[in-house]
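Student: Please take me through the features of this structure one at a time, giving the general idea before each case.

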Amino acid sequence: MTTTPEPKLLDVRDLKVEFRTRDGIAKAVNGVTYQVAAGQTLAVLGESGSGKSVTAQAVMGILDTPPGFVTGGEIFFQGRDLLTLGREERRKVRGAKMAMIFQDALSSLNPVLSVGAQLGEMYQVHRGLSRKAARGKAVELMERVGIPAAAARVGDFPHQFSGGMRQRIMIAMALALEPELIIADEPTTALDVTVQAQVMDLLAQLQREFHMGLILITHDLGVVADVADTIAVMYAGRIVETAPVHQLYRAPAHPYTRGLLDSIPRLDQKGRTLYAIKGLPPNLTAIPPGCPFNPRCPLAQDVCRTDLPPLYEAGPGRASACHFWKETLGGAR
Amino acid sequence: MPDHVPDEAITHGDGGAAALAIGAAESLERTPGTGPGGAPTGRARSLWRDAWHDLRRNPVFVVSALIILFLVVIAIRPQLIADGNPYRADLAKAQAGPEPGHPFGFDTQGRDVYTRVVYGARASITVGVCATAGVALLGSLLGGLAGFFGGWWDTLLSRLADIFFGIPVILGGLVFLSVVTSSTVWPVIGFIVLLGWPQIARIARGAVFTAKQNDYVQAARALGAGNGRMLLRHIAPNAVAPVIVVATIALGTYISLEATLSYLGAGLKPPTVSWGIDISAASTSIRNAPHMLLWPAGALSVTVLAFIMLGDAVRDALDPKLR
Amino acid sequence: MEPDEQETGSGGGPAPRVAAAGVRTRAARGEAILEIRDLAKHFPLHRGVVFQRQVGAVKAVDGVSFDLYKGETLGIVGESGCGKSTVAKLLVGLERPTAGQIRYQGEDIIKLSGRALKAVRRNIQMVFQDPYTSLNPRMTVGDIIGEPYEIHPEVAPKGSRRQKVRELLDVVGLNPEYINRYPHQFSGGQRQRIGIARGLALRPEIIVADEPVSALDVSVQAQVINLLERLQDEFDLSYVFIAHDLSVVRHISDRVAVMYLGRLAETGTDEQIYEHPTHPYTQALLSAVPVPDPAARERRGRILLAGDVPSPADPPSGCRFRTRCWKAQDVCAEVVPPLDVPEWFVGAGPAGHPSACHFAEERSDAQE
């Protein structure tokens, strides 16, 4: 855990994103604030539709516009607000300073180019290396991410690699230019457990080595517990709770987090009936007034239906967007 | 009765509107490929209703549909807008220009061009509609079966389709139709169906093959459903869209093919009134009586264009990703 | 079933008596309603366009035997490509096996055809993984759930079907008024309930569920798991529950079979498999599962497997796991380990359960 007051690498403030669709305006991100320091791992946890991926895309500057629009907030990266940069300057930051790893490695790699060519391209374009030197670099990278017989396989095409190996190649690509920040969007969701463990280990190890900031976007409470320093739980486009990883699992301060933790079957515990959060996540074109979680919340009172709870400070390094965070922390259900 | 444990609360209370909208919200992050907020949030929602919703607002569709509606009406009852007789010849007026009551002028044999253009719609529309219907039926039947059963049946059919694809259309038409003496539209329609089916068969085969992979087809099979039920209830409704799109566009090209063959003397033959025949007749006197060419050719172009535009609009509505 | 005695040797014998000791099943152990023996499915690989010739076969399932008892849940876990989904398809008749038997109440259903087969099929239904593709988008919920009655008209007379569909909707926790809606009007969890209702329509005895919750969000997963458990009690169902998520399988299963590359590696009660695994693959698999407890990350010894799963078109000789196994010896390449209780574990408490490993042993906690 990093508690040193380092200057933040990434500082997202009150970010708002909406999608203008045929069915109306979907408010995907509604004022998200988070920070990541160098060498730190922030896990953004949420279910589908929570806005966790959209936030990351806005940070990376790869939001599809239209239909997606950033409608408010600031994204400071190394002190500069990315949203004020020009298109060309923004592009230079992307890839060189911050890189992204996607869930589906197969569709993220170009099927008609060898992996060596794709890895080498990064060096040819950004560093002006010759084709031959770039290929050498590609082999080096592949070795780095643990691809056996890298020199022999550098000319292979993406489909010739297994899922785990492809995700390693994606990681190699993200690392190529030694970025300061890596955003990994469900990097292991498509992988089998045994391979997932390998890939997460690799990612954690490389992060330590390069002292990078890492944003890990996932829906898997297990993966988060393994690698994160801090966790931000998202619901309906908002952060509902942030906390250092140990504290969040020991005593969640938001009823949604508590519900999630209670609703997953655990390998180390066998109970009869799982706790189930009632109802469904809200429709983003019509988020309920007050606290967006109130229709599903066992603690909801009148105030929850009218007043949107701010992020209350709930102890050192912790925050909870619940009117009753104290009660939740105390174990009320 | 089951005890309704907390999780059941979802559905009994909070109504369908919420559930309806959730589909849209979920697809924000779930639809692979399109990524978050990929604009068409409800690709899976009722295809036809969505398509109709789109089409009504598409001016290209509205204009082309109105033109086609008009053409179909006059093809059925040309008397509605032309009270003359397309065969009545007045040699005194041969190649004469427009005059009151005869806005398009007269042809070489002194027949009223306006009346002939109006009556010519019937041949074109008949050929277009019947040929398309035949092609669509034969093509989707053969292609659909090939896609569904696969194996040697598929191999055989695909090779056969290749062979028919290889036949040059105009040359084939000249050879095939020159031996036919009938002056009706049926030989032309038959010829177009014969050469046209592979195009639809390929589309249908692919669509059926894709639909066949869907879990709901597997689910029906696991229930013990027979081939007929699977094809008719589960596969056909989900594979028909691309066939309709291609057939609509093909309709326009069949009309122009008929005109081309008629122009070359191999298609329709007098006394059938056809734009192609009239264009052919007019081509010899294009210098001194351009109106003879202009009007049937214009009518032909507008008709073909209308069908192709309609097909485009339908495709955009049915499959936004093809755009 | 007669008392437990071990059949040694591999191949065609009866399935090993799974879970002899320490049985803790939900239903009292009744008779086996489904007996699977040496089930195999090989998908031929062809080359050539017009003149095809077979150049090999993908051995998706290659000699799998197990029993399913009345009222129990048998979990089958394994990674992608291990053949677990093919097993599901074989059980419900979506694929024809290359070899082996599927005995339902003592009768080999593979040999059946026509009306007899249809009658048996009725009793084995399936729930699919993807709630988005397993429902026909052009049919209403009522038509989807009512379709089983059209295919098996003898189950319900025409006039009563609508009412039956309404009841089914209610049973799975959906509002019966939704009968005329289309699938796209529902969320993923609700769609999965519709799929479950369709599976229940014919009042089957056995439900084969292939990854029924893996496409759902965490909070919805719990709802569907609870529903499946409630329905099992209510209708006395037997489940074959196939999943890659070991935590979910442990939660719902009475007995568990671990599959690797077309074969079963280890079978036993959930306690035997999860607390006392003796097959190295099971041990590695379990150690890799992320536990949602950060305090646990320091104390657990994780086994990181090297390499990838070999291709099922060309599986390793002998033990299939040997290419990734840290215990592998020469014998592993030569002799196929039978799925039996290892001799040295016979009568040895929870470790005494079938494990297809020449060097089966419990993992000591100190071991890394």
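Tutor: Let us begin with burial: a residue counts as buried if 20 or more other C-beta atoms lie within 10 Å of its own, as exposed if 12 or fewer do, and as partly exposed in between, the C-beta atoms being placed from the backbone. Since this is a predicted model, local features need pLDDT of at least 70 and side-chain atom pairs count only at pLDDT 80 or more, whereas totals for chains, interfaces and linings use all residues. Residues are numbered from 1 along each chain as its sequence is written, and chains are lettered from A and ligands numbered from 1 in the order in which they are written.

Student: What percentage of the residues in chain C is buried?

Tutor: Of the 368 residues in chain C, 55% are buried. Helices (H or I, at least four residues) and strands (E, at least two) are DSSP runs numbered from the N terminus, and by that reading chain C has 11 helices and 10 strands. Two residues are in contact if their C-beta atoms, placed from the backbone, lie within 7 Å; among contacts in chain C between residues at least 6 apart in sequence, 66% join residues at least 24 apart.

Student: Is C:Val141 buried or exposed?

Tutor: C:Val141 counts as buried because 27 other C-beta atoms lie within 10 Å. This residue belongs to helix H3 (residues 141-151) of chain C, and, leaving aside residues up to four places away in sequence, C:Val141 touches C:Tyr178, C:Ile179, C:Arg181, C:Pro183 and C:Ile194. The C-alpha atom of C:Val141 is also separated by 9.0 Å from that of C:Val165, a residue 24 places apart along the chain.

Student: Which strands form the open sheet of 4 strands in chain C, and in what order?

Tutor: Two strands pair if DSSP finds at least two bridges between them. The open sheet in chain C has the order E2-E1-E4-E5, with antiparallel pairing, and its edges, which pair on one side only, are strand E2 (53-69) and strand E5 (107-108). Strand E1 (residues 32-47) of chain C is joined to E2(C) by 13 bridges, and C:Leu34 has C:Leu68 as its bridge partner in E2(C). Helix H1 (residues 84-91) of chain C packs on this sheet, touching E1, E2 and strand E4 (99-104), and its direction makes about 75 degrees with that of E2(C); such angles run from 0 to 180 degrees between N-to-C directions, the axes being lines fitted to C-alpha atoms, for helices over the stretch in contact.

Student: What is the strand order of the open sheet of 8 strands in chain A?

Tutor: The order in chain A is E6-E7-E8-E3-E9-E10-E12-E11, with mixed pairing, and the edge strands are E6 (98-101) and E11 (312-313). Strand E3 (residues 41-45) of chain A runs parallel to E8(A), with 5 bridges between them, while strand E7 (residues 181-185) of chain A also pairs with E8(A) in the parallel sense over 5 bridges. By contrast, strand E9 (residues 230-235) and strand E10 (residues 238-244) of chain A pair in the antiparallel sense over 6 bridges.

Student: Why is strand E8 of chain A described as largely enclosed by the rest of the structure?

Tutor: The description applies because 6 of the 6 residues of strand E8 (residues 213-218) of chain A are buried. In a regular strand the side chains alternate between the two faces of the sheet. Here A:Gly213, A:Ile215 and A:Ile217 point one way from E8(A), and A:Leu214, A:Leu216 and A:Thr218 point the other way.

Student: How many residues of chain C and of chain A take part in their contact?

Tutor: The size of an interface is often given as the accessible area lost when the parts come together. Counted by residues, this contact takes 33 from chain C and 37 from chain A. H6(C) gives the largest share of the chain C side, 6 residues. That side has 17 nonpolar, 8 polar and 8 charged residues, where Ala, Val, Leu, Ile, Met, Phe, Trp, Tyr, Cys and Pro count as nonpolar, Asp, Glu, Lys and Arg as charged, and the others, Gly among them, as polar.

Student: Which domains does the assignment give for chain A?

Tutor: Domain bounds come from an automatic or database domain assignment, which for chain A gives domain 1 (10-97 + 179-329) and domain 2 (112-178). Their centres, taken over C-alpha atoms, are separated by 31 Å, and 14 residues of domain 1 are in contact with 12 residues of domain 2.
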